[in-house]
Amino acid sequence: MKILLVLVKTMGDVILINNIVDKIRKKYPKSKIDVCVNSIYKDIIDENPYINDILLCDDWLKNWGTIFNFILNKNYDEYMIPQQLTGEDNIWHQVDLYRHNHLLNFYLYRCRLPLVDITEQKLKMYVKDKIEFEPIIKGYGDYCIIHTTSGANIKNWNIDNFQKLALKIKKEFKIKVLQLGIKNDNALIFLENIIDCRDKYTLKEQYLLCKNAKFMVGIDSGPSFIAGASGCPTIKIHGPSNIITSGGFGKNIYNILAETDERCKNKRCHGIFKGQCKYTKPCVNNITVDNILIKIKEVVK
């Protein structure tokens with residue numbers, strides 16, 4: 001049996017592929033499983049032992065013809081496309097059928113696979129240690145990781161808060177602070193032992209950096225999922241996004257949820273107001289630097 005799983009974006013969603021294909025393999029043990037993703041995320045899944053081939057489709061909204069050609073020309077017996085495609089899809093967690101279920105279970109449901117108890121799951125990436133990368137890791141000594149910026153401004157903690165946090169970490173924990181991400185991310189001020197690692201490492205190398213970090217602090221974004229998958233203690237700052245439906249999962253992940261404005265209490269707005277806060281102060285900034293420091297001290301031995 002030949003199966004194609006299509007989950008082209010985003011980084012966090014593609015990481016979830018690693019929690020889906022093993023369940024496909026369990027249901028269809030003798031199957032050949034191919035996966036279609038955006039090429040920039042290939043690193044996330046290309047060492048997964050349950051995947052046979054990886055097909056690439058970058059600008060997926062414009063290239064459905066490419067995906068349909070894969071389906072038709074490669075003679076798949078089954079194809080699974082759980083990707084969120086419409087505005088209605090993006091508020092799937094408001095539908096009674098899926099309410100209070102995690103995105104992973106939403107995808108498993110769409111793939112006609114058994115649902116799981118999310119509390120018994122952990123994020124996964126399959127990355128072999130790279131001997132040539134070990135001197136780089138050792139060169140940093142003791143360090144933690146910070147990631148500051150997501151694709152939706154409404155989810156971003158104030159960069160001044162991150163700067164204050166980095167300075168306090170450096171002082172209290174006596175370790176270096178590495179900022180991961182892309183060059184356009186909101187940047188820290190890179191003082192002594194606060195180091196710019198944006199756009200410097202591949203996704204696999206970022207995984208290895210996280211695996212060896214003391215801890216990671218980030219917002220609701222792909223690098224936080226990479227850190228979570230690495231086993232690193234990961235403190236994930238949530239503003240409007242719901243930790244029940246889209247938070248990281250695993251015993252090493254600590255989701256910090258902001259108090260919302262009284263005007264939108266219990267109506268977390270991400271996906272409804274197109275990534276913009278309806279009011280003047282995004283609720284993510286109700287989380288304080290001290291809130292994060294307290295959590296770091298709780299989870300870091």
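What is the volume of the second largest pocket? I looked that up before anything else, keeping in mind that this is a predicted model.

**Entry: the pocket**
I got a volume of about 210 Å³ for the second largest pocket. I then listed its lining and found 13 residues. Nearest the centre of this pocket lie Ile118, Thr119, Gly248, Phe249 and Gly250. Sorted by class, the lining has 8 polar residues, 4 nonpolar ones and 1 charged one.

**Entry: a surface patch**
Next I turned to the surface. I noted a nonpolar patch there, formed by Leu167, Ile189 and Leu191. Together these residues have about 260 Å² of accessible area. I followed up on Ile189, which is in the loop between strand E6 (176-179) and strand E7 (194-196). Ile189 counts as exposed because its relative accessible area is 52%, and the cut-off for exposed is over 50%.

**Entry: backbone angles**

Asn75 has a phi near 55 degrees. I placed Asn75 in the loop between helix H4 (64-73) and strand E4 (78-80). Is Asn75 buried or exposed? It is exposed, at 56% relative accessible area.

Asn193 has a phi near 70 degrees, again a positive value in a residue other than glycine. I found Asn193 in the loop between E6 and E7, and Ile189 sits between those strands too. Asn193 has a relative accessibility of 31%, so I wrote it down as partly exposed.

Key:
Residues are numbered from 1 along each chain as its sequence is written. This is a predicted model: local features need pLDDT of at least 70, side-chain atom pairs count only at pLDDT 80 or more; totals for chains, interfaces and linings use all residues. Side-chain values use heavy atoms; hydrogens and water are left out. On a 1 Å grid over the protein atoms alone, a cavity is a set of points where a 1.4 Å probe fits but cannot get out, and a pocket is an open set with protein on both sides within 12 Å along at least five of seven lines; lining residues have an atom within 4 Å of a point. Grid points are joined across faces, edges and corners, and a volume is the space filled by probe spheres set on the points. Ala, Val, Leu, Ile, Met, Phe, Trp, Tyr, Cys and Pro count as nonpolar, Asp, Glu, Lys and Arg as charged, and the others, Gly among them, as polar. Patches are made of residues with over 30% relative accessible area and no salt bridge: like charges are joined within 9 Å, nonpolar side chains (Val, Leu, Ile, Met, Phe, Trp, Tyr) within 5 Å. Accessible areas come from the Shrake-Rupley method with a 1.4 Å probe; for residues, only the protein chains shown count as cover. A salt bridge is a side-chain nitrogen of Lys or Arg within 4 Å of a carboxyl oxygen of Asp or Glu. Helices (H or I, at least four residues) and strands (E, at least two) are DSSP runs, numbered from the N terminus. Buried means under 20% relative accessible area, exposed over 50%, partly exposed in between (1.4 Å probe, protein chains only).
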